[in-house]
Amino acid sequence: MTTRLIGHSQKPTRTMESKSELRRIASPCQGRYDLRPHKNNERKVGVNVASITSESNGRRVIQFVGRDGKRRSIRLGKCPQRVAEAVKVRVEQLNASAISSHAVDAETSRWLASIDKKLTDKLAKVGLVAKREAATLDQFLMAYLATRTDIKPRTLNNLEQTQGWLVEFFGANRRLADITAGDGDEWRVWLLTKVGENTARRHCGRAKQFFRAAVRKRLADANPFGDMKGCSVRANKSRDYFVSLDDAYKVLEACPDANWRLLFALSRFGGLRCPSEHVALTWADVDWELDRLTIRSPKTEHHEGKESRIVPIFPELRPYLETVRDDVSEMGEHVIAIPSLRRDRYANVGTMMAKIVRRAGLKPWPKLFHNCRATRETELAQQYPMHVVCEWIGNSQPVALKHYLRVTDADYTRAASSPTPTPAKLGGKSGAEAGAVTAQDAVQNMVQQPAAVVGKTTQEMQKALANQGLEQKLAVFSYAVENFLLPPRGFEPLLPD
């Protein structure tokens with residue numbers, strides 16, 4: 001068969017072999033014409049255009065002819081005409097790609113990723129997209145954790161614990177799409193019967209993280225934990241404990257060897273995080289000449305400039321470091337050389353330390369190592385500026401105030417036995433009068449001593465500004481500027497005398 005196309009001004013001529021019926025199909029991608037012989041058993045297919053039908057009940061249906069020549073229908077239900085028009089355009093693009101075996105364009109791919117599972121299933125039913133498999137809970141969690149190569153072993157262990165609680169409650173084969181917000185609330189109530197309040201909060205936060213990833217992958221329509229409140233840890237003062245020096249030395253005496261004594265001393269006297277910062281400490285990090293330790297922190301190393309910090313070798317800590325150094329015949333790389341201490345995934349040293357505390361005749365306190373670290377920060381905060389203490393401990397001032405600093409028995413004893421000092425010049429004044437130097441005193445002193453204007457004015461202003469309200473501050477400042485600090489002048493430049 002031969003066919004010849006000529007210009008519009010001429011009529012096409014055909015040979016006898018071309019007398020069989022021909023059909024013209026617009027190519028959906030390039031707009032060219034494709035001539036194919038028509039088979040008797042093949043339905044005629046027109047240009048690839050979908051149509052919208054509105055039923056009497058207000059529901060809209062999109063109809064189109066698929067690649068097999070059969071008419072297909074997609075029922076959208078009740079929706080605005082403009083929504084139906086937008087879906088129709090995408091249906092035409094998907095159908096054109098199916099007919100031509102071409103991949104869909106980037107814009108259509110993004111649209112497919114944004115629609116819900118219900119519409120995706122309708123498109124899959126008519127053959128426009130592949131059917132989306134229903135993801136199960138354990139299957140998704142395993143796949144998600146396998147992709148998280150960016151997290152640390154301890155973080156992975158925490159996520160696996162949350163995975164275990166979710167699977168235990170919902171079942172491994174529970175569909176992600178079937179877990180509702182109400183189910184999430186029931187899981188939290190059940191979880192509180194297994195773990196403490198703060199631990200449950202942490203697990204709820206991780207569950208929210210899991211399902212947020214599922215929603216982003218279009219495996220679930222909504223996050224059942226998305227609007228759940230109280231997923232962050234809050235301060236629990238009932239678990240705070242101040243480890244006194246007497247108790248600390250009892251524990252040190254009960255330790256089985258120098259390495260365990262050093263491990264405890266690094267927490268109690270050095271304020272290190274246990275065990276992550278202990279197992280990372282090497283002898284190369286010990287500067288004996290400058291009395292300093294370089295502490296490498298796996299917890300904060302992902303923050304810029306927080307991968308390490310410098311901590312003094314405090315006098316209370318130094319003897320335990322020296323003992324380990326002197327007792328080791330062949331010094332290894334790491335400072336803590338406990339054979340059972342794993343360094344790939346952090347060992348549970350708390351169990352052994354609890355036994356040591358009992359051996360010392362004490363009852364193990366909550367959060368054994370954290371309270372040692374918090375106790376040390378409380379002690380240092382009474383001797384050094386807070387920004388210095390936070391630099392040594394490795395936290396921020398808001399975190400220190402909320403989770404670390406303790407009110408001790410010594411604070412109450414000192415407050416009850418030592419009167420609050422008052423300025424000697426105020427003598428018998430009481431109440432608000434004994435609180436500070438007043439603004440009027442500052443002004444009077446400046447007037448009486450004009451010879452020492454610069455130094456005296458500065459001192460009096462500092463006292464007044466530190467102890468008075470806004471009106472008094474403005475009064476002192478205005479008086480000083482008007483009478484002492486600025487010479488009277490107009491707008492003209494100063495001329496030499």
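Two strands pair if DSSP finds at least two bridges between them. The exercises below use this definition on a predicted model.

**Exercise 1.** Which residue in E8 stands opposite Thr 294, and how are the strands of this sheet arranged?

Solution.
1. Strand E7 covers residues 292-296, and strand E8 covers 308-312.
2. E7 and E8 are joined by five bridges in the antiparallel sense, and the definition asks for at least two.
3. Within this pair, Ile 310 in E8 is the residue opposite Thr 294.
4. The open sheet has three strands in the order E6-E7-E8, with antiparallel pairing.
5. E6 (286-287) and E8 each have a single partner strand and stand at the edges, so one side of each lacks a neighbour in the sheet.

**Exercise 2.** Which residues of helix H12 are buried, and why do they line one face of the helix?

Solution.
1. Take buried as under 20% relative accessible area.
2. In H12 (residues 349-359), the buried residues are Val 349, Met 353, Ala 354, Ile 356 and Val 357.
3. Viewed down the axis of H12, these residues fall within an arc of 160°, so they line one face.
4. An α-helix has 3.6 residues a turn, so residues three or four places apart point the same way.
5. The partners packed against the buried residues of H12 are helices H8 (245-254), H9 (258-268) and H13 (368-381).
6. After H12 comes Gly 361, with a positive phi near 85°.

**Exercise 3.** What percentage of the residues in the protein is buried?

Solution.
1. The protein has 497 residues, with 19 helices and eight strands.
2. Buried residues make up 36% of the 497.

Terms used
Residues numbered from 1 in each chain as written. Predicted model: local features only at pLDDT ≥ 70, side-chain atom pairs only at ≥ 80, totals over all residues. Heavy atoms only, no water. Buried < 20%, exposed > 50% of the residue type's maximum accessible area, 1.4 Å probe, protein only. Helix = DSSP H or I, 4+ residues; strand = E, 2+ residues; numbered from the N terminus. Arc of directions from axis to C-beta. Contact = heavy atoms within 4.5 Å.
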